[in-house]
Amino acid sequence: MYNNIDFNNKTILITGGAGFIGSNLAFYFQENFPNSKVIVFDCFRNNEIFPNGNLKSFGHYKNLIGFKGDVICGNINNQVDLALLGDYKFDYIFHQAAISDTRVYDQEIIMKTNVNSFHDLLAISKKDSAVMVYASSAATYGNLPSPQTVGKESPENPYGFSKYIMDQIATRYLKENPDLSIVGLRFFNVYGPREYYKANTSSMVIQLGHQILDGKIPRLFKGSDQIFRDFIYIDDVLQACIKACDSKQNGSYNVATGIPRSFQEIADILQNELDTDLGTEYFSNPYDGYQMNTKADILSTRKNLGFMPRFSLEKGIKAYIPEILRLHGTDIS
Ligand SMILES: NC(=O)c1ccc[n+]([C@@H]2O[C@H](COP(=O)([O-])OP(=O)(O)OC[C@H]3O[C@@H](n4cnc5c(N)ncnc54)[C@H](O)[C@@H]3O)[C@@H](O)[C@H]2O)c1
């Protein structure tokens with residue numbers, strides 16, 4: 001347990017609950033608060049793809065096998081679908097549904113999905129006096145130098161901009177409704193079980209893990225020992241979500257370890273865990289303006305949420321290995 005909140009007999013909405021973070025939340029409540037009522041709302045995947053070749057939504061039924069709560073297939077862009085939520089009175093809303101692919105450049109669809117729907121979700125939280133914890137992102141910082149600090153944002157893509165606008169909407173909504181509890185969590189690079197179905201957009205931990213299990217030399221951008229990210233294990237993300245429910249102060253918070261690690265270190269830790277010695281193959285980084293270093297400032301997250309990351313990269317990868325092994329070679333469609 002991360003705090004003293006008893007979620008038993010509470011009604012909890014998880015939008016995007018068939019996705020990576022949302023489905024982990026659903027199981028967290030099911031396992032720790034068996035008398036909580038959890039409702040997953042997600043459009044799931046269909047065959048539609050963006051011009052970048054990735055699916056338009058990544059929700060997958062396999063993330064929810066074993067889940068006993070309510071599952072509603074609905075689109076947050078569709079008022080008729082959202083009306084299905086009118087049958088409930090929510091105590092907590094974890095709003096995870098979004099186009100999570102940072103390399104989608106269709107600004108209209110990103111803004112409609114990530115921003116317009118937020119107004120509707122906030123209206124539900126206001127109607128029900130539900131605590132709102134929503135997913136923001138490290139992408140709000142763009143390529144600003146580390147440490148990434150709340151209050152200094154400069155998004156560099158439509159996805160990052162959409163989250164930046166969500167944070168502003170939340171701030172304004174709180175001014176108009178000071179009794180509400182609304183917390184935005186800026187997740188950095190999350191990895192862990194139930195991300196597999198994000199395919200190309202899943203973390204480098206599982207992608208490199210599966211390359212190694214294929215017997216292939218892990219492939220990284222040239223200079224990957226100097227490209228750093230603030231990687232965060234899913235259990236620490238769950239910790240932040242739960243602690244956000246009794247935050248000392250509303251606002252946006254970084255969810256990360258505060259300790260940058262390189263992509264090379266991921267490959268090396270994986271090879272160590274999987275007992276291989278394949279070396280590394282390097283190729284040129286095709287991206288202009290690539291972020292070379294993220295390191296979150298998590299002081300306010302520590303202070304107001306009581307957040308304390310528990311998983312180093314070594315510990316997170318070790319915990320994740322059985323799942324990486326189990327999924328290796330399984331159908332991803
Ligand atoms: N995973 C990360 O590293 C990371 C980092 C920063 C922020 N985030 C944010 O956290 C949240 C969860 O991310 P995730 O990694 O679990 O991604 P995900 O893609 O696995 O989950 C998002 C879910 O939203 C659903 N969805 C998409 N469009 C929808 C729509 N129009 N209506 C209903 N459902 C819809 C998808 O089907 C999917 O199940 C997202 O808001 C994402 O932007 C994630």
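Student: How many bridges join β1 to β4?
Tutor: There are 4 bridges between β1 (residues 11–15) and β4 (residues 92–95). The two strands run parallel. Keep in mind that this is a predicted model.

Student: What stands opposite Ile 14 in β4?
Tutor: Phe 94 does.

Student: And which order do the strands of the sheet take?
Tutor: The order is β3-β2-β1-β4-β5-β6-β11. These 7 strands make an open sheet with parallel pairing. The edge strands, β3 (70–73) and β11 (251–255), each pair on one side only. From one strand to the next, the twist averages 20°.

Student: Which strands does α3 lie across?
Tutor: Helix α3 (residues 107–128) lies across β1, β4, β5 (131–137) and β6 (182–187). It runs at about 170° to β4. Helix α6 (residues 234–243) also packs on the sheet, touching β4, β5, β6 and β11.

Student: Switching to the ligand. Which residues come nearest?
Tutor: Ile 21, Asp 42, Ser 100, Tyr 159 and Lys 198, out of 28 residues around the ligand.

Student: How far is the Lys 198 side chain from a ligand oxygen?
Tutor: An N or O atom of that side chain is 2.6 Å from a ligand oxygen. For the Lys 163 side chain, the distance to a ligand oxygen is 2.8 Å. Phe 188 places a backbone N or O atom 3.4 Å from a ligand oxygen.

Student: What classes make up the shell?
Tutor: The shell has 13 nonpolar, 12 polar and 3 charged residues. Strand β5 gives the largest share, 3 residues.

Notes. Residues numbered from 1 in each chain as written. Predicted model: local features only at pLDDT ≥ 70, side-chain atom pairs only at ≥ 80, totals over all residues. Heavy atoms only, no water. Pairing = 2+ DSSP bridges. Axes fitted to C-alpha atoms, helices over the stretch in contact; angles between N-to-C directions. Contact = heavy atoms within 4.5 Å. Near = heavy atom within 4 Å. Polar contact = N/O pair within 3.5 Å; in protein donor to acceptor, adjacent residues only side chain to side chain. Nonpolar A, V, L, I, M, F, W, Y, C, P; charged D, E, K, R; others polar.
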